[in-house]
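Subject: Handover of a structure

Hello,

Please take over the structure shown below. My notes on it follow.

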Amino acid sequence: MAERASDRVVRLLGLVAFLDRHEGASVEELARQFGVTSEQVMADIDTLWVSGTPGYLPYDLIDFDFSSYERGVVRLTESRNMTRPLRLSAREGVALVASLRALDAGLSGALDDERAQVVRSALAKLTAAVGDAAGTVDVSLTLAAAPEVAAALATSLREGRRLHLRYVNAADVSSERDVDPIRLVTDTDRSYLLGWCHAVEGERLFRVDRILAAHVLDEPAEHHPLAPGGGEFEPGDDGALVTVHLASQGRWIAESTPVQEVRNLDDGSFEVDLRVVSPAWLRHLVLQAANEILDVRPASVAAEVASTARAALAAYGPLADPARVRPYDEHAGA
Amino acid sequence: MATSIDPAERLLNLLIALVNTHGRMTKEQVRASVAGYADAPSDEAFERMFERDKDTLRDLGIPLVTVTDAGHGDDIGYRIDLDAYALPAIDLTAAELGVLTLAAQTWQDRTMRGDTARALTKLRAVGQGPGATDLVAGLAPRVRSGGAVFAPLLDAAQARQVVRLTYRAASTGEVRERRVEPWQLIARRGGWVLLGWDRDRGATRSFRLSRIEGSIRAVGEPGAFDAPSPEQVEQAMAAWREGPARVATLAVLPERAEATRVRAIETPPDAPDWSQDPVVGPLVVGRDVVHVAFRNAWELAEELVGYGDAVLVLDPPDVREHALQLLERAAALAPAPRVDDDVAVLEVERG
């Protein structure tokens, strides 16, 4: 997709401001600084070179040292008063401050002291520059890892070393495996480690809260080419198709679960289609969302979950007596 | 032959002209003198182009101000407020820019992602030159998109503008229009929530963004309400905050629920001996009594019911009641097969 004009203008202005502060930067250096290709930097310089104040005679234009540019070094000789760095818009400032705060509060377990300090100093400087407008957004990230596990994951990612994991899956079966870590994905609900699992010789996502123990091995992690969309929960075509009919309050399930399709019904309820590879995962989902679930199809799935629930109620014995005194209902949603 | 000028180039030239103008520039001066505008084939095309360019500059955070001058009749001129143009002095190291890059990539929402990318470009212009960027390699924090209503709600909250929104109530499924003073957007487990003052109900309310139907509309002027006091925000947030840490007591079948056991804490000194309890005693036979710390009773109950009969909540009663309620609802999803009832119970007893 072509770059938006507004994004390009910001970079054109950014280049002038940067060159004003760094005399004689190479094209490659500018490309790295602004995260674009060298070709793009040269196209930007060409544009700046013909831009200026009305009249557009030579002394009206932004100018660079030509002989130095021929050697690949960009030297700004005339800025037309455009060297002031552009302030952040309100939304830009808020968005950046909110995610830095979330990194500081939520990811500190996965950062060593030096890195945690860098997050804090960046946050302090940005907050000072943006002012108090940053309070309108509040984001929290959930690492949900034991401190030793978080530290081991962080070390292995930072140093590129293999991990030995003890992991328990959705079916409550634990196993040991060697994993080359690729990345640690953290969102507002929980975290996942994307890694190359040597036990299955493939890319796997591990829920961090199910990693029972993690040890950093001496072996370096091998580099594995990442499949397109790696680390994303894209619902695949494998697995059984299951339809769950949910009450309006169950909207969070559609948001936090990789669903194939959502159908809104007239009465405010809705249906989601899931492709289910792991029956244990589905059983857990249905049990934990049971308050919002109206129906599950096919009926065999509903029967299986209901029988699991009955077995659990039976195990509670007298504590599950239907005539028990029920405490107040704490569940006060919005 | 005049070649058509790139929109980015036209915007840049407009900005340079306005920054360098003495006093102000009128629309006519812009059209006659700024590179790119002579391309406009008609008055109407020029008007559209100029309006769009003004909006774009303002969206970028550039303080483009309108000046009317009595000496010039009622024609309107434009200039840049240079006092409000510049980023305050900020001195960022290469490492800090690396962290900011990570922060900018956190947003999954397209509009917000575009905003943070531009913010990063602005900060890179004043940062140190390129340095080690792998400082936070391998970390991928993510904030889910709040949908199409997110950016407009954020703008309204920033501008303190009242919004009209159509909301589907969680409890009843009833759809109704609300007028809300938007205070704060918070990302919590299960998605985005708007905290604000519901003008129709005269009370603090929170709204899940996923239950807002259609688009939202800002109504009235910016600055229509005062910023909420810290106490008001605190009160509105209370429902979304985690409670104080408490301890739950579980009876767990051997070698099961390891992901929960890994969080086990030592038996609190005041914990009763459950095996001696006349009601609970028989239930814990053949099970390990495990203590875990928790903050949210519902979250813990939802986690534990996933283990079926492998985990029983003994205490506290509210967590146990939540778990039992979920199990009862799940049990009702399908009728109990009458003939097989005994078999099911037998299976439970075999563990």
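Domain bounds here come from an automatic or database domain assignment. On that basis chain B holds domain 1 (7-84), domain 2 (94-136), domain 3 (150-238) and domain 4 (246-331). The centres of domain 3 of chain B and domain 4 of chain B, taken over C-alpha atoms, are 37 Å apart. Chain A is split into domain 1 (5-78), domain 2 (90-136), domain 3 (147-220) and domain 4 (240-318). Between the centres of domain 1 of chain A and domain 3 of chain A, again over C-alpha atoms, there are 45 Å.

This is a predicted model, in which local features need pLDDT of at least 70, side-chain atom pairs count only at pLDDT 80 or more, and totals for chains, interfaces and linings use all residues. Residues are numbered from 1 along each chain as its sequence is written, and chains are lettered from A and ligands numbered from 1 in the order in which they are written.

Confidence: the predictor gives the complex an ipTM of 0.81 and a pTM of 0.81. The average pLDDT (the predictor's confidence in each residue, from 0 to 100) of chain B is 87, and 91% of its residues score at least 70. Residues 341-351 of chain B fall below 50, and this stretch has 12 contacts in the model beyond near neighbours in sequence. Two residues are in contact if their C-beta atoms, placed from the backbone, lie within 7 Å. Where pLDDT is low, the predicted coordinates should not be read in detail.

The contact between the chains: chain A brings 120 residues and chain B 114 residues. On the side of chain A that touches chain B, α10(A) gives the most, with 15 residues. Helices (H or I, at least four residues) and strands (E, at least two) are DSSP runs, numbered from the N terminus. That side of chain A has 62 nonpolar, 31 polar and 27 charged residues; Ala, Val, Leu, Ile, Met, Phe, Trp, Tyr, Cys and Pro count as nonpolar, Asp, Glu, Lys and Arg as charged, and the others, Gly among them, as polar.

Helix α11 (residues 317-331) of chain B has 15 residues and spans 20 Å from first to last C-alpha, close to the expected 21 Å. The expected span is 1.5 Å times one less than the number of residues. A residue is buried if 20 or more other C-beta atoms lie within 10 Å of its own, exposed if 12 or fewer, and partly exposed in between, with C-beta atoms placed from the backbone. Because 11 of its 15 residues are buried, α11(B) is largely enclosed by the rest of the structure. Among the buried ones are Val319(B), Leu324(B) and Leu327(B). Their cover includes α9 (279-288) and α10 (299-316) of chain A, and β10 (246-252), α10 (297-305) and β13 (311-315) of chain B.

The peptide bond from Asp315(B) to Pro316(B) is cis, with omega about -5°. In chain A, Arg297(A) and Pro298(A) are also joined by a cis bond, with omega near 0°.

Asp172(A), not a glycine, has a positive phi of about 65°. Asp172(A) lies in the loop between β6 (161-168) and β7 (174-186) of chain A, and is buried, with 21 other C-beta atoms within 10 Å.

Regards
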